[in-house]
Protein chains: 2
Amino acid sequence: MAKILTNRSDDYAQWYNDLVLKSGLADYSAVKGCMVIKPHGYALWEHMRDELDKRFKETGHQNAYFPLFIPKSFLSKEAAHVEGFAKECAVVTHYRLKNDPNGGGVIVDPEAKLEEELIVRPTSETIIWNTYKDWIQSYRDLPLLINQWANVVRWEMRTRLFLRTTEFLWQEGHTAHATRDEAIEETRKMLEVYATFAEEYMAMPVVRGVKTANERFAGAEDTYCIEALMQDGKALQAGTSHFLGQNFAKAFDVTFQDKDNKRDYVWATSWGVSTRLVGAIVMAHSDDDGLVLPPKLAPLQVVIVPIFNKDPEAVTRINKIAADLMATLKLNGVRVKFDNDDNTRPGFKFAEYELKGVPVRITLGARDIENNIAEVARRDTKGKESIQLDNLAAHTLQLLTDIQSNMYQKALNFRTENTTKVDTWDDFMKVLDEKPGFLSAHWDGTPETEEKIKELSKATIRCIPLNNELEDGKCVLTGKPSLQRVLFARAY
Amino acid sequence: MAKILTNRSDDYAQWYNDLVLKSGLADYSAVKGCMVIKPHGYALWEHMRDELDKRFKETGHQNAYFPLFIPKSFLSKEAAHVEGFAKECAVVTHYRLKNDPNGGGVIVDPEAKLEEELIVRPTSETIIWNTYKDWIQSYRDLPLLINQWANVVRWEMRTRLFLRTTEFLWQEGHTAHATRDEAIEETRKMLEVYATFAEEYMAMPVVRGVKTANERFAGAEDTYCIEALMQDGKALQAGTSHFLGQNFAKAFDVTFQDKDNKRDYVWATSWGVSTRLVGAIVMAHSDDDGLVLPPKLAPLQVVIVPIFNKDPEAVTRINKIAADLMATLKLNGVRVKFDNDDNTRPGFKFAEYELKGVPVRITLGARDIENNIAEVARRDTKGKESIQLDNLAAHTLQLLTDIQSNMYQKALNFRTENTTKVDTWDDFMKVLDEKPGFLSAHWDGTPETEEKIKELSKATIRCIPLNNELEDGKCVLTGKPSLQRVLFARAY
């Protein structure tokens with residue numbers, strides 16, 4: 001079988017692009033920077049969305065939907081926010097086209113110019129806080145715990161499928177609270193929702209941390225994040241949860257009356273994850289032959305491939321075994337398919353399901369069946385076993401669990417091996433080039449040093465880990481005193 | 001209790017607006033014509049979406065996601081399509097803002113002008129068929145059965161919450177087929193999916209029909225539709241399914257090689273329903289005291305309200321009864337809430353749940369409990385019954401089923417009573433004014449007569465019903481011969 005993908009070791013970026021395109025996750029589109037999410041990629045996103053949505057609802061949040069468009073003036077109301085987002089937004093200026101009088105198709109109708117331009121939302125704090133002003137009067141209206149599933153647009157010059165696209169799908173939680181402490185608790189609670197989801201469902205270990213001032217969300221007092229390590233040693237920010245203080249309440253004049261009849265500004269949080277997580281799953285686990293998907297999120301978890309011979313009785317028997325197995329697995333909630341398409345040879349099917357990352361493949365061969373066995377192949381380790389037919393369903397269920405935990409453990413081992421303590425600038429640069437990953441190093445706490453390190457090394461501070469050990473040390477660049485190590489990496 | 005809503009008989013349009021706003025379905029937004037879908041409205045939409053999505057998947061469709069933006073030139077490629085959509089679209093012309101040098105916040109950066117303007121999708125045929133060109137080469141790639149859940153924008157001058165908004169949420173199916181017959185079969189199949197969903201879930205009877213040429217989707221060869229009757233006698237188009245012929249395949253040059261190695265253009269369908277359906281549910285069933293929601297779609301199906309007295313033993317007993325009842329109902333998949341909030345009086349709760357359309361309310365009163373009974377109130381008829389506690393769960397489950405079918409039957413009776421055969425123009429105008437609803441009348445089949453009738457009466461041909469009886473007659477306006485009756489109505 002011809003090699004479908006570039007090897008990771010030859011060109012990691014090319015491998016990633018090949019894989020996303022050829023496994024049917026996504027495609028380029030006619031619109032610069034925007035992608036088409038294909039059925040396999042969308043199904044993966046749906047499973048992520050459904051699980052996250054369940055967790056949001058379990059923690060008391062409700063979904064709602066706010067407009068796609070934001071009046072231009074709203075962006076300017078929060079000073080830091082406009083700096084962060086005005087530079088990369090799609091601007092709607094007109095609301096009508098008309099036939100080109102010169103016969104060149106359609107042109108923008110100059111008479112249909114908007115009085116105030118509309119921005120396609122890059123994030124929805126402004127339009128939502130403008131609405132919350134009407135919804136919040138008293139402490140009885142708080143907390144207000146709302147989430148939105150939506151598309152957003154940030155005009156990006158350099159895009160990569162899933163990781164950085166002009167339009168992407170995400171969820172954005174926007175909550176309002178009566179006290180600072182409650183808002184901070186919410187911020188951390190949602191970070192933990194993301195972290196456990198990443199670890200338990202994506203099989204991707206993450207560092208829970210807080211961003212430095214330089215890397216904060218535009219308008220936040222604190223940005224919490226989860227950071228994951230990809231196979232090439234680059235970090236990927238997988239989710240953020242922002243404590244917004246009273247910044248947006250002040251910008252949009254949202255106050256409430258407390259139990260003592262005093263008015264105060266409302267405290268806010270926002271938090272989001274996006275289709276970027278699809279890219280994270282690909283990069284965290286997949287190999288040179290295709291996707292390796294964690295069973296809990298794989299659109300298809302088990303595929304059964306028959307290998308028929310000319311014996312019609314064997315065909316009947318294989319069909320019967322497959323039907324029984326399907327029934328048992330489906331009863332146990334497994335997403336399973338029996339691929340008995342005659343027009344495709346088994347070898348081709350094997351390669352295709354390998355490429356698409358189906359965790360378990362069961363081959364029902366006419367000869368094996370005579371011996372009451374079937375071949376069970378696992379995608380993660382590529383191991384194969386012959387399993388007694390009467391144990392096939394139970395084995396498969398256990399295997400799905402094993403693959404999920406094995407994938408997590410493998411990724412965790414990789415991260416442990418590729419997290420290095422460095423104490424000198426020479427080591428810092430050497431490790432970055434020779435053994436890239438997380439670098440745990442002292443930093444003097446100033447934005448200037450952080451900026452300088454970024455210039456010199458292209459590494460950024462990914463986060464200050466939560467519950468970080470305090471440890472006296474010296475900044476890896478300036479030698480100035482430092483109280484704790486922070487995590488550096490080159491990042492997506 | 002003060003009257004919350006305008007009565008339907010006083011001002012139907014005002015009643016609708018009051019109800020949507022006060023029951024928490026939606027709110028106006030700062031962006032003209034765009035609404036905020038509030039948690040109660042969004043939960044209703046989620047239940048509709050989930051059930052429809054299940055039905056799409058059961059009929060072999062997969063979800064995908066295509067870009068929000070469409071290059072302006074794409075719209076012009078299908079001649080009829082551009083006529084239909086160019087007049088009402090949001091146009092993105094720039095991709096950056098900058099600080100106003102005169103200090104007035106931010107302004108559009110004139111240097112960030114797009115070479116080709118982008119249209120915010122009003123519907124996605126063009127961007128999708130431009131993509132299908134790359135996905136379809138051979139008959140093996142067909143049929144291609146894809147659906148997308150998305151937001152779309154159509155610039156509307158006159159908007160109404162849910163029924164007609166500039167931005168709305170919808171799904172749009174886009175399928176590609178090897179033959180004309182298969183595409184027509186798909187078009188009709190999806191119409192039937194919509195129709196059964198409307199009847200079985202929304203409890204809303206619909207007429208399945210086909211549109212006249214005047215009312216066709218821009219770019220379709222045939223538009224099938226489901227039409228429902230609202231309580232004010234106006235019709236509402238609740239879903240459409242389009243047979244697009246080879247129009248979009250030709251516009252975007254999408255051909256396939258058939259089994260005999262011949263190339264032909266691909267046949268297409270598209271079909272959609274939107275958040276307009278939320279408005280349809282409201283208008284079809286609700287009353288002067290609030291929403292009346294069909295149990296299968298109601299975000300909350302049963303609410304249990306305790307009426308405590310000072311006796312702590314009674315409190316304990318009520319809490320125990322409520323907990324047991326909740327457990328049994330939840331096991332049966334019922335969405336149920338026990339509202340034991342001390343800060344709100346029972347009367348206030350009753351009005352609130354009535355307004356929000358909760359189908360069943362169970363009151364656990366301290367005195368009733370002593371007699372081993374509870375009061376069960378149904379929202380649709382406002383009937384109340386005293387039910388033995390040991391029969392409470394079973395009664396509630398049966399009641400939910402009864403309410404669902406009663407609501408359907410009531411709406412069906414209403415439609416039957418308000419569908420009138422008319423044979424003269426005088427009758428036509430008289431019935432329209434005195435007993436509005438569907439008018440079943442003969443029409444000579446010409447667009448000119450259709451247009452004239454619309455001018456004179458504001459009634460349009462809603463559809464030519466499928467499986468229509470043939471019947472010789474004379475056009476209600478021109479007296480020219482006609483072979484069948486069609487359905488007229490004033491419509492939303």
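Select Ala377(B) and Lys384(B): Ala377(B) stands opposite Lys384(B), which belongs to strand 21 of chain B. Strands here are DSSP runs of E with at least two residues, helices are runs of H or I with at least four, and both are numbered from the N terminus. The model is predicted, so local features need pLDDT of at least 70 and side-chain atom pairs count only at pLDDT 80 or more, while totals for chains, interfaces and linings use all residues. Residues are numbered from 1 along each chain as its sequence is written, and chains are lettered from A and ligands numbered from 1 in the order in which they are written.

**Around strand 20 of chain B**

Show strand 20 and strand 21 (residues 384-388) of chain B, which run antiparallel and are joined by five bridges. Strands count as paired if DSSP finds at least two bridges between them. Five residues lie between the strands of this hairpin, and Lys382(B) takes a positive phi near 65 degrees.

**Where the two chains meet**

Colour the contact residues: 52 come from chain B and 51 from chain A. Contact requires C-beta atoms, placed from the backbone, within 7 Å. On the side of chain B that touches chain A, strand 5 (residues 91-94) gives the most, with four residues. That side holds 32 nonpolar, 11 polar and nine charged residues. In this count Ala, Val, Leu, Ile, Met, Phe, Trp, Tyr, Cys and Pro are nonpolar, Asp, Glu, Lys and Arg are charged, and the others, Gly among them, are polar.

Select strand 5 in both chains. The two strands pair in the antiparallel sense over three bridges, and His94(A) has Val91(B) as its bridge partner.

Move to helix 8 (residues 276-285) of chain B, where 10 of its 10 residues are buried. Buried means 20 or more other C-beta atoms within 10 Å of the residue's own, exposed 12 or fewer, and partly exposed in between, with C-beta atoms placed from the backbone. Among the buried residues are Arg276(B) and His285(B).

Which residues of the largest nonpolar core touch the most other members? They are Ala228(A) and Ala228(B), in a core of 300 residues. Such a core is a set of buried Ala, Val, Leu, Ile, Met, Phe, Trp, Tyr and Cys residues joined through C-beta atoms within 7 Å. Leaving out residues up to four places away in sequence, Ala228(A) touches residues including Ala198(A), Met204(A), Ala280(A) and Ala284(A).

**Domains of chain A**

Colour chain A by domain: domain 1 (12-285), domain 2 (302-407) and domain 3 (419-489). The bounds come from an automatic or database domain assignment. The C-alpha centres of domain 1 and domain 3 of chain A lie 29 Å apart, and each of these domains gives 15 residues to their contact. On the domain 1 side, strand 11 of chain A gives the most, with four residues.

Terms used
Two residues are in contact if their C-beta atoms, placed from the backbone, lie within 7 Å.
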